[in-house]
Amino acid sequence: MIKRGKETGAISLVPAAALLAAAVFIGSMLVPTVAIADTSSTPTTPTYVTNGNVYAIASSGGITYIGGAFNQVGPAGGSMETRNRLAAIDESTGAVTSWNPDANGAVNALAVSGNYVYIGGAFASIQSTTRNYAACVDTSGALQGWNPIISNDVRALVIDGTNIYMGGDFATVNSNTRNRAACVDTSGALQGWDPNVGSGSGTNVYALALSGTNVYLGGDFTSVQSTTRNYAACVDTSGALQGWNPNTNGEVRALAIDGTNVYLGGYFTSVQSTTRNYAACVDTSGALQDWNPDVSGTGTVVHALAVSGTNVYMGGAFSAIGGTSRNNAACVDTSAALQVWDPNVSWTVRALSFSGTTLYVGGLFYTIGGASRPYFAQFDDLTITANAGPNGSVSPSGTISVNYGTDKTFTFTHAANYHVADVKVDNVSVGTPDHYDFTNVTASHTIDVRFAIDTFTLTPSAGPNGTIFPDTVQTVNYGTDKTFNIAANDHYQIADVVVDGTTHLGSVSSHTFNNVTANHTITANFTQDQQPTPTWFLAEGTTAWGYECYISIENPNDEAVSATVTYMTDAGAVPGGDIDLPAMSQATVNPASILGEKDFSTKVECKEGKTIAVDRTMTWTGEGAPSPDGHCSIGVTGADTTWYLAEGSSAWGFECWLLIQNPNAQEATAQVTYMIEGADPVTVQKKIPAQSRKTYNMADDIGAKDASIKVDADIPVIPERAMYKNNSRSGHDSIGTTAAAPSYYLAEGTTDWGFTTYVLVQNPNAGDAEVTVTYMTSSGAVPQGSFTMPGNSRKTIRVNDVLPASDFSTQVTGSQPIIAERAMYWGEGTTLGEASHDSIGLSAPHTTFYLPDGETSNGRETYTLVQNPNQVDVTVEVSYLTPDGTGNVVFTETVGANSRKTFNMGDKGISGRAAVMVTCKTAGARIMVERAMYWNSRGAGTDTIGGYSD
């Protein structure tokens with residue numbers, strides 16, 4: 001036997017115990033073999049009816065057998081045929097068949113086994129041949145020799161292999177005492193099974209159910225085998241009374257078993273001294289369940305039960321379920337929730353049975369839902385079967401049940417770059433619509449949707465210093481494969497291969513798009529062969545004008561190194577001395593101890609030629625400001641002729657200063673282009689003396705504007721940009737970047753905790769760029785709608801307006817190479833006033849990051865922000881490096897795909913200063929990292945990217 005789930009239509013095997021219960025008939029009620037999904041509340045038209053009561057229904061082989069007190073069967077309102085108490089209905093046509101056993105008394109119970117129909121009731125003959133209360137007729141209508149001699153009415157039958165169990169109000173079988181229950185095999189021989197149910201007049205067994213080796217009995221008895229059992233009991237097939245004891249306070253007229261649950265219906269109002277009005281559930285261990293439909297009405301009784309999937313159908317004499325109107329038939333689920341099925345039967349229902357997806361109902365009624373249906377009706381589970389071919393879907397899909405006379409709409413969705421090619425309804429084409437409506441459904445239907453293939457484009461691109469092949473847009477058919485090969489120029493290596501702007505493959509030399517089903521892009525980025533980064537430059541720096549300045553140096557090597565510091569001042573180079581750094585350590589340098597009050601740039605060089613990392617922090621307190629503030633920037637590892645700085649403003653109360661360091665022995669000439677938001681760009685020329693640094697006020701060049709900056713110099717230089725607000729109450733500073741790129745990444749960002757975050761995007765190209773921004777939150781990627789930027793322009797995004805109350809990292813992608821930077825502000829309106837920090841982004845993620853500054857003392861908080869732009873989770877190793885290299889802390893964490901995670905240095909027991917090193921340990925994956933610091937109750941703060949290596 002199979003059982004079809006109510007919602008999904010999935011097929012599952014039923015356990016053997018349930019199989020035995022579901023394959024037999026219980027009194028006049030059949031436990032269904034197939035669950036239905038949405039039974040119509042309207043009886044099927046046309047259907048055959050009877051002229052008298054129907055007490056029993058059973059189905060097998062496309063035929064439904066009915067028994068009762070009728071003598072005619074025919075179409076509703078049409079000509080009737082004689083059928084005395086027994087008839088057979090052809091399920092495919094609804095018409096009565098020639099099967100005609102001709103019982104001379106009422107039929108109460110039916111059970112089908114193979115080609116044989118077993119009959120129980122109040123008759124004395126079948127086909128004018130003596131049969132006392134029980135008989136067997138084959139499916140062709142021939143009376144069989146099976147002839148147990150029973151002393152009185154049979155009211156219930158169940159079959160277990162070759163044994164037929166019977167219940168009723170008899171006292172003997174084959175002249176042997178059998179009170180109300182007995183077992184006779186298929187030869188007619190009485191078996192030893194003897195429950196000995198009650199005694200005396202009026203005692204009956206009305207219902208039987210079989211599960212495994214247990215036979216459940218229901219009736220109006222009060223004892224079984226001389227042991228108290230009020231109205232329900234269980235006797236196993238060996239004849240032993242079981243402990244199962246619902247102890248109802250009134251007759252049990254119906255039983256149904258579903259797995260380990262036994263459902264009971266009848267005249268009772270309590271079970272095991274607990275209120276249960278006319279229907280209840282007791283599991284096979286004997287425990288009363290919470291299932292409580294609360295049946296009510298005048299003369300209330302439940303005569304029939306049928307379990308279908310997660311629904312329990314009930315029939316009897318009642319007018320309400322749980323206080324809601326339901327006349328004589330209803331459906332509740334296995335949690336006892338009332339379902340929509342509401343046939344509104346005019347009088348008592350005595351039998352319920354499923355055949356396939358059709359529900360048959362028999363009883364004493366005349367009408368259903370106001371329509372004439374004397375004594376017998378069927379409710380079809382009309383279905384529409386919806387199928388879709390590959391590369392698309394139909395919704396809903398599969399076999400869908402619909403109520404008679406209702407409407408149903410199906411919608412079609414094609415896969416990317418596919419389209420609807422043909423829709424067939426009942427095998428007839430209806431064209432290529434995007435949906436189809438079935439109206440006033442009165443029959444089952446099919447709908448089949450097919451989709452046709454389109455082609456897809458694969459768009460390759462390569463950054464400087466390498467190639468990708470093929471290097472032109474490739475058009476491929478759906479489902480095919482395509483390989484791209486990547487190669488770096490001499491002295492360069494593949495840095496990263498990015499698919500669709502988000503999936504980072506790492507330094508792979510080829511990539512194959514397998515089974516292509518969408519458009520894709522593939523971008524190859526290249527970097528110089530990995531070299532140590534022993535030399536660092538810091539363009540900004542001052543110990544004058546009320547500023548304090550310190551320089552942080554990180555040694556990420558497992559051996560000690562030393563670093564030489566040189567300050568470039570207006571008076572020339574000033575030696576800053578050598579700094580010794582133990583293995584895996586950090587050092588802090590105070591320029592004021594050598595320079596006094598001075599403006600300067602800085603060069604730091606590892607004497608051993610090993611990799612180090614260097615950043616610079618400046619602090620100050622603005623005139624009359626309630627809190628100090630500071631800014632910090634990582635250095636750069638070399639000068640260049642072209643630089644981009646995405647942020648810049650001389651409006652809104654900002655001062656914006658461009659600082660250009662010239663480390664060369666000759667004067668530099670720089671063309672400075674301001675890419676103004678909402679206006680045309682402006683270019684001015686600057687002269688920077690040899691081995692010096694010059695500072696320029698943006699307002700002197702363009703007035704009060706928002707603008708990105710591009711610096712083009714005739715010889716390599718190093719710029720930084722510093723901004724101050726509210727009479728220097730707050731400020732931030734950042735290096736630039738030497739190249740635009742298809743994507744830029746920003747690890748830090750929040751619109752929660754009182755912060756306002758801005759993302760600044762620079763388009764340095766002559767033509768427009770289509771820009772897409774994706775925010776990577778703790779719960780995954782959140783895209784922002786794309787926008788177009790004119791050539792040589794800048795765009796400001798106030799992230800709070802598009803992603804409120806969130807911590808995030810950011811990825812900015814352009815159809816042409818772009819630059820992105822991020823500024824954050826907080827504290828406006830507080831007693832400490834507004835503070836800020838800022839950082840340039842990076843054009844590609846990397847394997848390892850070095851962040852030289854960090855502190856947990858002096859009221860400082862240090863946070864490390866790790867962005868994972870990969871499609872998979874990554875493992876990162878975080879190291880905190882102390883000034884003497886002892887007491888370092890190293891730990892690993894997982895960062896979710898397309899998300900970001902924040903680490904608080906204070907959580908790991910660091911007391912004092914420490915540098916940070918973060919390494920991605922997941923093969924082929926790379927990350928982005930920033931470091932943010934706050935102090936003076938967050939009245940001040942800094943942020944910076946670090947150095948990196950791959």
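Visitor: In which sense do strands S59 and S62 pair, and over how many bridges?
Guide: This is a predicted model, in which local features need pLDDT of at least 70, side-chain atom pairs count only at pLDDT 80 or more, and totals for chains, interfaces and linings use all residues. Residues are numbered from 1 along each chain as its sequence is written, and side-chain values use heavy atoms, with hydrogens and water left out. Strands are DSSP runs (E, at least two residues) and helices are runs of H or I (at least four), numbered from the N terminus; two strands pair if DSSP finds at least two bridges between them. Strand S62 covers residues 585–589, and its pairing with S59 is antiparallel, over five bridges.

Visitor: Which residue of S62 stands opposite Ile551?
Guide: S59 spans residues 548–555, and Ile551 faces a residue of S62. That residue is Val589.

Visitor: Over how many bridges do S59 and S64 pair, and which residue stands opposite Glu554?
Guide: Strand S64 (residues 613–620) pairs with S59 in the antiparallel sense over seven bridges.

Visitor: Why is S59 largely enclosed by the rest of the structure?
Guide: A residue is buried under 20% relative accessible area, exposed over 50% and partly exposed in between (1.4 Å probe, protein chains only). S59 is largely enclosed because the buried residues among its eight number seven.

Visitor: Which residues touch the most other members of the largest nonpolar core?
Guide: A nonpolar core is a set of buried Ala, Val, Leu, Ile, Met, Phe, Trp, Tyr and Cys residues joined through side-chain atoms within 4.5 Å. The largest one has 115 residues, and those touching the most other members are Ile553, Val711 and Tyr880.

Visitor: What is the angle between the planes of Phe410 and Phe438?
Guide: Rings of Phe, Tyr and Trp (its six-membered ring) pair if their centres lie within 6.5 Å; planes under 30 degrees apart count as stacked, over 60 as edge-to-face and the rest as tilted. Phe410 and Phe438 are edge-to-face, with centres 5.8 Å apart and planes at 85°.

Visitor: How many residues apart are Phe410 and Phe438?
Guide: Phe410 is buried at 0% relative accessibility, and Phe438 is buried at 6%. Phe410 lies in strand S45 and Phe438 in strand S48, so that the pair links distant parts of the chain, 28 residues apart.
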